[in-house]
Amino acid sequence: MTRTRFLSVMLAAVCSAALLTFAGGSSAAPIPKGAGKGDETPNLKVFFETVGKAVKNEKWPAKEEEKLLRATAEKIFERMLKAAEVKERKLPVEFDKLKKLDVVKEMKGGILDGNFLIVGDVRTGLAKNSVIFASGNVQITSATNCIIIAQNVRCTGVNNCVVVAGDFIRLTSARQRNGEDGSVLVAGQWIRVTGSSGAICHVIRPGMAAPPDEKFPDPMSPPIRMTGAEGVIFLNSADHWKTTSNKNCVTIELKTPIAK
């Protein structure tokens with residue numbers, strides 16, 4: 001075999017091997033490599049896709065998927081505390097001490113106490129010491145010591161909760177009680193609270209459009225709107241929040257996003 005012929009054969013073999021390797025790795029992984037690790041920005045889109053998959057199958061997520069869901073909540077909480085320049089503290093509830101409930105598409109009524117729920121939509125009266133991961137909407141009368149992540153969250157009152165919404169949060173009260181820690185509120189576009197004290201608030205994608213559920217929208221209303229606020233830390237620029245009255249509130253404009 002001539003030298004030229006030999007080189008041609010070798011080149012063809014190398015190219016074929018490369019194509020086979022590429023083809024073998026072309027299928028997309030359900031969870032991005034590295035998700036839930038290190039300092040990577042928490043990805044709410046991936047979070048909701050993972051919850052949605054579990055809800056569709058009505059099956060508890062695989063170990064790595066559950067790890068991703070937990071890590072998203074933990075990292076958002078840690079980033080919020082760090083950005084607010086407050087001391088580190090534990091989440092209001094410990095995952096490993098909770099009772100896992102069956103994954104369902106909808107929960108209506110009942111009480112959540114010491115539970116870990118993955119669900120489509122929730123409408124219930126009371127939740128305490130629990131975690132709710134929902135692919136849709138959550139509506140609760142009262143939540144205490146809870147972690148709630150959903151597309152939209154409505155609640156009459158939250159106490160020492162971590163609430164994350166893909167779109168909006170609407171609360172009557174988010175007050176700090178009896179020396180307990182204040183709630184941490186993160187929303188994709190809007191936060192609406194009647195009265196709040198000691199809370200840390202952040203909108204990821206601030207804009208000046210009104211929330212879709214407002215009957216009489218104010219086109220000039222900022223992404224964060226509260227009637228009364230005391231000791232609230234706003235992790236957005238000053239023109240992104242507005243109150244009727246406020247006392248001892250702080251504005252911290254972030255240079256890096258809490259989540260995406």
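## Ala229 and the basis of the model

Ala229 sits in strand E12 (residues 224-230); strands (E, at least two residues) and helices (H or I, at least four) are DSSP runs, numbered from the N terminus. At 5% relative accessibility, Ala229 is buried. Buried stands for a relative accessible area under 20%, exposed for over 50%, and partly exposed for values in between, with a 1.4 Å probe and protein chains only. Along the chain, Ala229 and Gly195 are 34 residues apart, and their C-alpha atoms are separated by 6.0 Å.

The model is predicted: local features need pLDDT of at least 70, side-chain atom pairs count only at pLDDT 80 or more, and totals for chains, interfaces and linings use all residues. Residues are numbered from 1 along each chain as its sequence is written, and side-chain values use heavy atoms, with hydrogens and water left out.

## Aromatic pairs

A pair of aromatic rings is described by the distance of the centres and the angle of the planes. Here, rings of Phe, Tyr and Trp (its six-membered ring) pair if their centres lie within 6.5 Å; planes under 30 degrees apart are called stacked, over 60 edge-to-face, and the rest tilted. The whole structure holds 7 aromatic pairs by this search. In one of them, the ring centres of Phe47 and Phe48 are 5.4 Å apart and the planes meet at 90°, so this pair is edge-to-face. Both Phe47 and Phe48 are buried.

Another pair, Phe95 with Phe116, is tilted, with 5.5 Å from centre to centre and 55° between the planes. This pair links distant parts of the chain, 21 residues apart: Phe95 is in the loop between helix H3 (63-84) and strand E1 (99-100), while Phe116 is in strand E4 (residues 115-128). Phe95 and Phe116 are both buried. One aromatic cluster takes in Phe47, Phe48, Trp60, Phe95, Phe116 and Phe133.

## Helix H3

Helix H3 has 22 residues, and the distance from its first C-alpha to its last is 32 Å. That is close to the expected 32 Å at 1.5 Å a residue, where the expected span is 1.5 Å times one less than the number of residues. After H3 comes Glu85, which has a positive phi, near 60°.

Leu68 is a residue of helix H3. Leu68 counts as buried, at 6% relative accessibility.

A pocket is defined on a 1 Å grid over the protein atoms alone, as an open set of points with protein on both sides within 12 Å along at least five of seven lines; a cavity is a set where a 1.4 Å probe fits but cannot get out, and lining residues have an atom within 4 Å of a point. The second largest pocket holds about 200 Å³ of space, a volume being the space filled by probe spheres set on the points, which are joined across faces, edges and corners.

Which residues line the second largest pocket? They are Glu74, Phe77, Glu78, Leu81, Lys82, Val86, Glu88, Arg89, Lys90 and Leu91. By class, 4 of the lining residues are nonpolar, none is polar and 6 are charged. In this scheme Ala, Val, Leu, Ile, Met, Phe, Trp, Tyr, Cys and Pro are nonpolar, Asp, Glu, Lys and Arg are charged, and the others, Gly among them, are polar.

A disulfide is a covalent bond between the sulfur atoms of two cysteines. The rule used here asks for a pair of cysteine sulfur atoms within 2.5 Å, and the count comes to 0 disulfides. Cys146 is in no disulfide, and the nearest cysteine sulfur, that of Cys161, is 4.7 Å away. Cys161 is likewise in no disulfide, with the sulfur of Cys146 the nearest. Cys146 is buried at a relative accessible area of 0%, and Cys161 is buried at 1%.

## Positive phi in two loops

Most residues other than glycine have a negative phi, and most peptide bonds are trans. Asn160 has a positive phi, near 50°. Its place is the loop between strand E7 (147-159) and strand E8 (162-174).

Asn248 also has a positive phi, near 55°, and lies in the loop between strand E14 (241-247) and strand E15 (250-251). Is each asparagine buried or exposed? Asn160 is buried, with a relative accessible area of 13%, whereas Asn248 is exposed at 58%.
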